[in-house]
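Biologist: Could you take me through the salt bridges here? I would like a close look at the charged pairs and their surroundings.

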Amino acid sequence: MLLVVALLAAVLGFTPVRAAGGVVVQMTIGSTKATINFKAVVLDQPPIIENGRTLVPFRFIGEALGAKIGWDPVKKTVSYVLGDKNIVLTIGSITAMVNGVETTLDVAPKILPTGRTVVPVRFISETIGAKVDWNSSTRIVTITMAATLDVGIVLPTKDEPRWIQDETRFNDALKTAGYSAEILFSQGSSAKEKENVEALITKGVKVLILCPQDATAAAASADEARAAGIKVISYDRLIRDTKAVDYYVTFDSIAVGKAQAQYLVDKATGTKNPLYLYAGAATDNNAFLFFEGAWDVLQPKIADGTFVIKNSSQAVALQGKATLTRDEMGKIIGQVTTNWDFTIAKNLAEANLTIAKAADKGNVFILAPNDGTARSIADAFGDDKDVKSYVITGQDAEIPSVQYIIDGKQSMTVLKDVRTLVRDAIAAAVDYLTGKTPEQTTTYNNGKIGVPAKPSVVVTVDKSNVKAALIDSGYYKASEFTGLP
Ligand code: BGC
């Protein structure tokens, strides 16, 4: 619900007064002393009783409950918008509108001789979803609005700077708008991921934003969330083999692979350039998309002799095929996977270099799937005396890799502006909370259904544009780096 308030805040330009969490409001008949969450506040008009009904200052009750308040001096109406509730009361009338439907009040709102407007507290509070208690001996009215958790976010691991970027950007976005959301990390474990999802289901989230550790293993969590009536947004990585995915927030991952491969192609001259291929985790659908995009660009250049694959017999066996099936890609990925793990990446690169002859080294070209693995692989190639130069790809624009690019140790990265992904994820969540459907430009087949998505563009970054793309754009502070060009 707070998310909706925040959305309205963004659209209508007001700031919700209530932070995420529950609220308790207490007022005493005839007194200007009141409390919000047990903190004293002073009312400009004491609550009054009329026909046995309590009337309270219209602005105060709305703000205390986090609603957007409106006053139309021409129509003499007051309005409250909170979550999916839109309430309009007319001064002096017992007819009110709730979401466009007429309702009869037992007491009309009124403007007192003091000029203050008062409204029936029970009607407003209960319609908004709060509970009202009346103590006739103390003459205190207590309004309680339970805490709700609108959105649960589950990210794969804190061990890669990429996902810390996402956490930071989510926190920034959530803080400014006052959303009610919680971010949990799965630390590379599908079991932990499932526990996280179950904890969020128990807390009553309405939307789950899940970046799966293992695409297929996550299907069970998505199914559980769907069964609990929760909307499931697959974040960055696609949850596979289940119908229980409502939306996919993603970058154009095929374009990532193409950008990496195009960079290698653009830097290569002559023929027989040694090419080393590395891939992400086979449990991550993105690893296939990245590889598919890269293969699309590299294969013709392998076929024409520009590149010679040096570290995958499976890729060599398939090098005549312009398009690979998922199974075929699986065979190559199985041989050159880093599992998104820096240590595995380094060990694999070292093993490849140990087997390779000096003639297979020289000026080499390396398809590294992301920044973390690129740094490990670059270190291994950099340490090999037979490697004269290397061109190596990456993705994520992680801070350590941006420094590697500045220092000439990594050639390029693909910037996936996480702020865009976070904004898209929050926008999709808000759409679901307000009964709308997020914008879709395409679908991604997850093995069971075509999941609606609107992929975001990616940007190639190397030394020549690192400052413009990452510093001047405000993505990072210059102070994070040394030796910026
Ligand atoms: C993400 C990449 C990330 C990789 C490893 C992929 O699914 O799209 O940005 O580098 O996982 O965590």
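Modeller: Happy to! Keep in mind that this is a predicted model. Glutamate 328 is buried, at 14% relative accessibility.

Another pair is lysine 231 with aspartate 246, where the N to O distance of the salt bridge is 3.9 Å. This one links distant parts of the chain, 15 residues apart: lysine 231 lies in strand S18 (residues 231-235), and aspartate 246 sits in the loop between S18 and strand S19 (247-249). Lysine 231 is partly exposed at 34%, while aspartate 246 is buried at 14%.

Aspartate 44 and arginine 116 also form a salt bridge, their closest N and O atoms being 3.5 Å apart. Here the partners are 72 residues apart, with aspartate 44 in the loop between strands S3 (39-42) and S4 (48-50) and arginine 116 in the loop between strands S11 (110-111) and S12 (117-120). Aspartate 44 is partly exposed, with a relative accessible area of 49%, and arginine 116 is partly exposed at 36%.

Beyond these pairs, a network of salt bridges links Arg162, Asp166, Asp236, Asp396 and Lys416. For the whole model, the count comes to 28 salt bridges.

Methods: Residues are numbered from 1 along each chain as its sequence is written. This is a predicted model: local features need pLDDT of at least 70, side-chain atom pairs count only at pLDDT 80 or more; totals for chains, interfaces and linings use all residues. Side-chain values use heavy atoms; hydrogens and water are left out. A salt bridge is a side-chain nitrogen of Lys or Arg within 4 Å of a carboxyl oxygen of Asp or Glu. Helices (H or I, at least four residues) and strands (E, at least two) are DSSP runs, numbered from the N terminus. Buried means under 20% relative accessible area, exposed over 50%, partly exposed in between (1.4 Å probe, protein chains only).
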